Amino acid sequence: MSGKYKFKSSRMAVWALWLARLTIPVAIISFLLMRFGGMHPSIAVYCFGAAIALSFLSILASLVAFPAIWFEGYRGGQRLWGTFLRSLIIILPALTLAYFYFSRPAFSDLSTNPVEPPEFSAAWTYRHDSDNSLDVGSLEVREKQALAYPDLESLYIDHSSELVYLVVEDELKKAKWDIIRQTDQRDSIDGALFEAHTRSLVTGLHYVMAIRLIPDSEFATIVDMRSASLWGPHDLGLNARRIQGFFASVQERLEQGVQHFELQLEEIKRQRRLEQGPLPRPKPKRRPDATVRTG
């Protein structure tokens, strides 16, 4: 007479899979609340840390359940695989963030000109009490930045500052950054200045940028850029990549040709001349030998 043998299930494997299933919703909810619900980033980081802790607990529980499954024939092998795969979804991004955290210098504010960085004015409206300060850092901090990022330098462009102004403005709109303030060289002796704001796609963290254009000659311009994150002591290298990416885009736009911007600049100058009104006609000069006849 044949019989059926019923395998026992590993309770620890069930617990491991339950913990792994819990980690993904915790991580997703924390980021969604930070991105769309207005949750402070520090609270979201703690929630993500809890998701990481749950992931390691689930892996630990699966390791405890593994001997009973492998040597004693308990059921739960599929649960262990599900635990491992779900835990990797949380642990791999955490390891990536940890790599950038320990391999990049700890800065939250970078500039291409550490000696005299562009200053923020309108960007202060995006700052809360617990956010990073937007004041210019101390000389010691700026010296460390120059040593940590020696390739982060000012951009020299062989075009007039008025033309570069149009290129930078168009590139800011192309990047879909919010321009919160802009002044041209007619409004300030320090050159033209842009202030912009953007948010990261996933976390929704706030970043502000300042771009300054200083005429070096009639047909040359010096462009400096400053990028700062409003929260956290470490930007994971994002500010440096943002500055380098923006400068690369501006240079690529200039290499493609500036005829469109030259025509636009000519139109702007024409509009300025029209706003000034017609020029007064000079009075005709009387000839020295002219005589006045009377009736």
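Start by selecting D109 and R226: in this predicted model, their side chains meet in a salt bridge, with N and O 2.7 Å apart. The term salt bridge here means a side-chain nitrogen of Lys or Arg within 4 Å of a carboxyl oxygen of Asp or Glu. Now show the strands around the pair: D109 belongs to β1 (residues 109–111) and R226 to β6 (residues 220–229), so the contact ties together parts that are 117 residues apart in sequence. Strands are DSSP runs of E with at least two residues, helices are runs of H or I with at least four, and both are numbered from the N terminus. Colour by accessibility and R226 comes up as buried, at 1%. Buried stands for under 20% relative accessible area, exposed for over 50%, and partly exposed for what lies in between (1.4 Å probe, protein chains only).

Before moving on, a word on the ground rules. Residues are numbered from 1 along each chain as its sequence is written, and side-chain values use heavy atoms, without hydrogens and water. Local features need pLDDT of at least 70 and side-chain atom pairs count only at pLDDT 80 or more, while totals for chains, interfaces and linings use all residues.

Next, select E140 and K144 in helix α4 (residues 139–148), where being four residues apart separates them by about one helical turn. They form a salt bridge too, with the closest N and O atoms 3.7 Å apart. E140 is exposed at 52%, and K144 is partly exposed at 49%.

Then go to R253 and E171, whose closest N and O atoms are 3.2 Å apart in another salt bridge. This pair links distant parts of the chain, 82 residues apart: R253 sits in helix α6 (residues 238–255) and E171 in helix α5 (residues 161–174). R253 is buried at 13%, as is E171 at 6%. The whole structure holds nine salt bridges.

Last stop: the largest pocket, with about 1000 Å³ of space. Select V45, L97, L205, W231 and L236, the closest to its centre of the 34 lining residues. Helices α1 (11–36), α2 (41–71), α3 (77–103) and α6 each supply at least two residues of the lining. Colour the lining by type and you will find 24 nonpolar, eight polar and two charged residues.

Terms used: 1 Å grid on protein atoms, 1.4 Å probe; cavity = no way out; pocket = protein on both sides within 12 Å on 5 of 7 lines; lining within 4 Å. Points joined across faces, edges and corners; volume = space filled by probe spheres on them. Nonpolar A, V, L, I, M, F, W, Y, C, P; charged D, E, K, R; others polar.
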